[in-house]
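Biologist: I would like to learn how to read a model of this kind. Please take me through some features, one at a time.

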Amino acid sequence: MNMRANARVVAVLGPTNTGKTHYAIERMLAHRTGVIGLPLRLLAREVYDRIKALRGPDCVALVTGEERIIPDRTQYWVCTVEAMPLEIGADFVAIDEIQLCADPDRGHVFTERLLHARGLHETLFMGSDTMRSAIAALVPGVQFNRRERMSKLSYTGSKKLSRMPARSAIVGFSVENVYAIAELIRRQKGGCAVVMGALSPRTRNAQVELYQNGDVDYLVATDAIGMGLNLDIKHVAFSATRKFDGRRMRVLNPDELAQIAGRAGRYQNDGFFGVTGEASPLDDEVIEAIENHQFLPVRKLQWRNTKLEFGSPKRLLDSLELHTNNDWLTRARDADDVVALKNLLVLPEVQDRLRDPRDLRLLWDVCRIPDFRGISPTEHASLLGRVFEFLHGPGRIDPDWLARSIQRIDRTEGDIDALSKRLAYIRTWTYIAQRKAWVDDEKHWREATRAVEDRLSDALHTRLTQRFVDRRTSVLLRRLKQKESLVADVNDKGEVTVEGELIGRLEGFRFKQDKTASPDEAKTLRQASIAALVPLFHLRADTFYNAPDTEFDFTEQGGLMWGNSAVGKLVRSEDALRPQVDAFVDDEAGPDVADKVRRRLQHFIDRKIAALFEPLLNMSRDETLSGLARGIAFQMVEAMGVIPRAQIANDIKALDQDARGMLRKHGVRFGQFTIFLPLLLKPAPTRLRLVLRSLHEGLDEFPESPPPGLVTIPHLTEVPTAHYTMAGYHPAGARAIRIDMLERLADLLRACDSRGGFEATPDMLSITGTTLEQFADLMQGLGYAAEKGTREKAKPVVEAPVDAGTEQTTAADSSGAEDAPAEVAPVAVEPAETAPADAPPAEVENTQPADADTLEVFYTFTWAPRPRRDTNRPARKPEGEARGPRKAAKGGKPKGDGRKGGKGDGRKPERDNRPPRPEPKPQRIDPDNPFAAALAGFKAKD
């Protein structure tokens with residue numbers, strides 16, 4: 001007692017950032033043994049780690065409500081204030097944040113330590129200067145050590161979150177407020193760390209590490225950071241100046257604001273504080289008080305009687321509610337443990353178990369289990385009642401019940417709220433496992449609860465980071481802030497990564513950044529990404545410029561491709577064969593990159609035109625052509641090698657044979673329907689011609705080239721004839737035939753008797769790749785009349801041998817109206833449209849007699865020029881019935897039905913008796929038609 005009476009008691013008082021805690025650690029380590037009490041489990045863990053680093057793990061213990069690390073040779077105890085082991089008689093005792101004696105909830109614990117906790121040699125109280133008068137009145141012989149702040153603290157007013165400086169802490173006073181601010185910071189600044197008093201030390205340390213190592217430049221926290229957490233903070237911004245204190249919403253006192261604002265400016269670095277969001281600017285008086293560290297002194301300390309009587313429940317409650325006569329002290333309001341005690345004492349099953357003072361003392365120990373879950377006082381009392389039941393009966397908590405309770409919590413899935421709840425729940429079981437003699441195998445349960453807490457802590461840290469940290473943006477911003485060079489990497493899929501973080505995709509020379517949650521976040525990411533992409537643009541431009549032409553292509557809408565990436569487009573110029581190029585290059589890449597890309601694309605398209613249109617360009621450069629031949633060559637160049645004969649018919653008639661010969665040397669063919677260069681009808685020149693002509697004519701949508709190898713394609717009247725001509729086709733009836741195949745057909749037709757009539761030969765069907773019905777429609781589109789008839793099939797003579805030619809002719813004659821000749825070599829043909837299921841039966845089926853197997857359909861074609869009819873032309877007049885056979889006409893016509901009446905009867909055909917021809921079916925858009933996209937637009941307009 002004499003030693004304690006002579007012990008030195010010192011109150012180290014002053015504002016934040018005066019090094020009080022650091023001083024206390026130094027003083028404790030100067031003694032053989034010591035105990036230091038801290039206001040938060042988080043701060044206790046921080047101090048424990050510092051001492052452990054200085055003296056090793058074997059001599060320092062950590063004791064909190066939920067954690068006990070006690071080596072065998074412990075010299076120094078780092079504890080929360082409630083868990084301090086004062087009975088050990090340590091040489092040194094220190095209490096941090098002693099101004100919490102005035103706290104309504106925990107103040108009575110700090111007041112008890114102020115009045116009774118003493119070291120054998122030295123006692124230290126650290127805190128605000130507002131406690132000077134109270135300590136002087138209550139602690140005889142105390143010495144005061146006034147410490148000044150190491151740096152200046154200044155008010156900066158209100159700032160938007162978007163303009164918040166780096167290394168700032170934004171303070172909120174509710175979980176919802178903290179999360180909302182953190183979400184905004186992530187969108188605008190790339191991310192933030194989150195620190196709250198409810199976090200486990202493991203989660204809190206992981207979050208703080210994000211901030212301290214520079215992964216993020218912002219910290220969003222509750223007022224927990226005001227309690228001694230030493231962080232590298234330059235600016236503190238209050239998002240509110242009111243908080244809920246457990247009972248009501250109230251305005252924070254100036255000294256409370258100062259405790260938090262003082263976290264800014266550690267050591268000799270000046271700090272700043274202000275407000276943000278909806279918080280009103282601080283009053284001048286409050287600002288002055290915080291900057292000058294001048295606050296009203298504390299007049300009342302919270303106090304609760306510690307000399308409890310366990311003779312009966314009433315005597316225990318009376319002792320807890322005892323008042324004091326000391327003017328500096330006031331009885332504290334009922335804390336959670338007193339509320340729980342009152343709730344349990346009214347339960348009959350609890351009353352039945354209270355037989356002696358030991359039972360009542362046990363009940364009081366159970367009631368001191370903190371309400372970490374915070375559900376409701378009744379719910380908390382129910383849990384405590386079950387624990388008391390186990391401890392009063394068997395003397396230990398049932399391990400199966402404890403295991404089931406822990407197992408329900410041991411799940412790491414879920415969102416932040418779910419994990420935070422489980423973490424609060426496991427703290428209850430961690431606290432219980434730390435109590436001596438409450439569970440069997442204490443070491444097992446302490447390790448088990450600690451393992452669950454660690455798993456939940458890691459999961460919560462991960463969720464917090466995923467939600468509130470855009471790691472890729474924060475990495476980029478950190479590197480930029482450090483003025484380090486950033487280089488982006490691009491894989492074969494075009495994905496761009498910087499420091500291992502995917503930031504977007506490079507399509508040619510345009511950067512498409514990855515999707516973000518908001519425009520603010522997108523702006524931040526792009527700003528951070530461009531610096532990394534600039535070197536890459538230059539490297540990519542060099543690769544692009546040296547790439548072979550085989551890596552480039554043009555699209556049918558005039559786009560320019562490098563592999564699968566769009567890198568530019570063709571632009572109209574005065575000369576259709578010399579289009580210009582517009583390169584797709586981001587502005588950030590710079591003019592040098594854009595110019596290099598444009599020049600390479602211009603080289604490509606110029607060489608492509610020169611290669612595919614070589615015959616045409618040679619003809620345009622032939623100086624031996626003169627007069628009319630040169631004029632026709634000029635028109636051929638303008639038309640890119642394909643021009644309808646009717647368009648220049650007069651010039652062709654006036655062209656002599658020598659001039660024709662000179663043009664033929666360049667590959668020009670003078671067809672009956674078209675003047676063209678056959679080499680330019682190949683798929684590649686045709687595709688390029690469609691693009692160049694469409695570009696020059698200013699079409700909004702370019703017609704696509706037909707698939708290679710098709711002899712005929714559907715003819716849709718909504719598509720301009722010029723589009724078919726550009727594609728190398730000539731419209732004829734319901735289909736359009738390729739120009740070169742049409743001229744081959746014309747060569748065959750010139751040998752036929754177009755006045756007397758002729759039938760289709762297998763060669764004609766083979767060239768056009770059509771059925772007999774399709775061929776008839778095509779011939780009508782070319783200006784021929786097609787008379788349909790039926791006749792008996794020619795029967796083969798069995799007795800005589802049949803040679804190959806006769807067999808082929810018979811097969812051709814007996815072919816049905818819907819089948820191509822069997823002996824004709826197959827050609828690539830676009831299939832004819834199939835009639836819908838509900839369409840009326842075909843005409844052939846209507847006109848065939850019962851013995852249709854013995855009849856065949858044939859057509860006789862005669863030259864009957866007339867204006868072309870479209871698909872809406874009126875139906876032809878009804879055809880007559882099948883008539884008797886007639887003699888073969890001049891020119892080798894086979895006998896068949898008479899078209900002008902039999903020679904012997906002298907009658908004209910009875911056309912009025914013929915069955916009516918069905919109405920033509922409406923023409924649908926063939927999906928394979930190269931102009932289908934344009935037609936769909938025309939029909940939509942109609």
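Biologist: Is Asn17 buried or exposed?

Modeller: First, the ground rules. This is a predicted model, in which local features need pLDDT of at least 70 and side-chain atom pairs count only at pLDDT 80 or more, while totals for chains, interfaces and linings use all residues. Residues are numbered from 1 along each chain as its sequence is written, and side-chain values use heavy atoms, with hydrogens and water left out. Buried means under 20% relative accessible area, exposed means over 50%, and partly exposed lies in between (1.4 Å probe, protein chains only). Asn17 has a relative accessible area of 5%, so Asn17 is buried.

Biologist: Where is Asn17 placed?

Modeller: Helices (H or I, at least four residues) and strands (E, at least two) are DSSP runs, numbered from the N terminus. Asn17 sits in the loop between β1 (8-13) and α2 (20-29). Its phi is near 60°, a positive value in a residue other than glycine.

Biologist: What is the phi of Ala437?

Modeller: Phi of Ala437 is near 70°, again a positive value in a residue other than glycine. Ala437 lies in the loop between α16 and α17. With a relative accessible area of 33%, Ala437 is partly exposed.

Biologist: How many helices and strands does the protein have, and what share of its residues is buried?

Modeller: The protein has 32 helices and 34 strands. Of its 942 residues, 49% count as buried. For contacts, the rule is heavy atoms within 4.5 Å. Among contacts with a separation of 6 or more, 69% are between residues 24 or more positions apart.

Biologist: How do I read the packing of two helices?

Modeller: Two packed helices are described by the angle between their axes and the distance between the axes. Axes are lines fitted to C-alpha atoms, for helices over the stretch in contact, and angles run from 0 to 180 degrees between N-to-C directions. Take helix α7 (residues 201-212) and helix α17 (residues 442-468): their axes come within 8 Å and cross at roughly 30°. The crossing of α7 past α17 is right-handed. A crossing is left-handed if the near helix is turned anticlockwise from the far one by less than a right angle, and right-handed if clockwise.

Biologist: Which residues make the contact of α7 and α17?

Modeller: On α7 they are Pro201, Arg202, Thr203, Ala206, Gln207 and Leu210. On α17 they include Glu453, Asp454, His461 and Leu464. The residues of this contact divide into five nonpolar, five polar and four charged. Here Ala, Val, Leu, Ile, Met, Phe, Trp, Tyr, Cys and Pro count as nonpolar, Asp, Glu, Lys and Arg as charged, and the others, Gly among them, as polar.

Biologist: At what angle do α3 and α7 cross?

Modeller: The axes of helix α3 (residues 41-55) and α7 come within 10 Å and cross at roughly 70°. That makes α3 roughly perpendicular to α7. Angles under 35 degrees count as roughly parallel, over 145 as roughly antiparallel, 65 to 115 as roughly perpendicular and the rest as oblique. Arg41, Leu42, Arg45 and Glu46 in α3 meet Pro201, Arg204 and Asn205 in α7. This contact divides into two nonpolar, one polar and four charged residues.

Biologist: What is the handedness of the crossing of α20 and α25?

Modeller: Helix α20 (residues 591-612) and helix α25 (residues 683-697) have axes that come within 10 Å and cross at roughly 125°. The two are therefore oblique to each other, and their crossing is left-handed. Lys608, Ile609 and Leu612 in α20 meet Ala684, Pro685, Leu688 and Leu692 in α25. The contact comprises six nonpolar, no polar and one charged residue.

Biologist: Which residues of α10 are buried?

Modeller: An α-helix has 3.6 residues a turn, so residues three or four places apart point the same way. In helix α10 (residues 313-320), the buried residues are Leu316, Leu317, Ser319 and Leu320. They cover an arc of only 160° around the axis, which puts them on the same side of α10. The arc is that of the directions from the helix axis to the C-beta atoms. What covers these buried residues includes β18 (329-331), α11 (336-345) and α13 (357-367).
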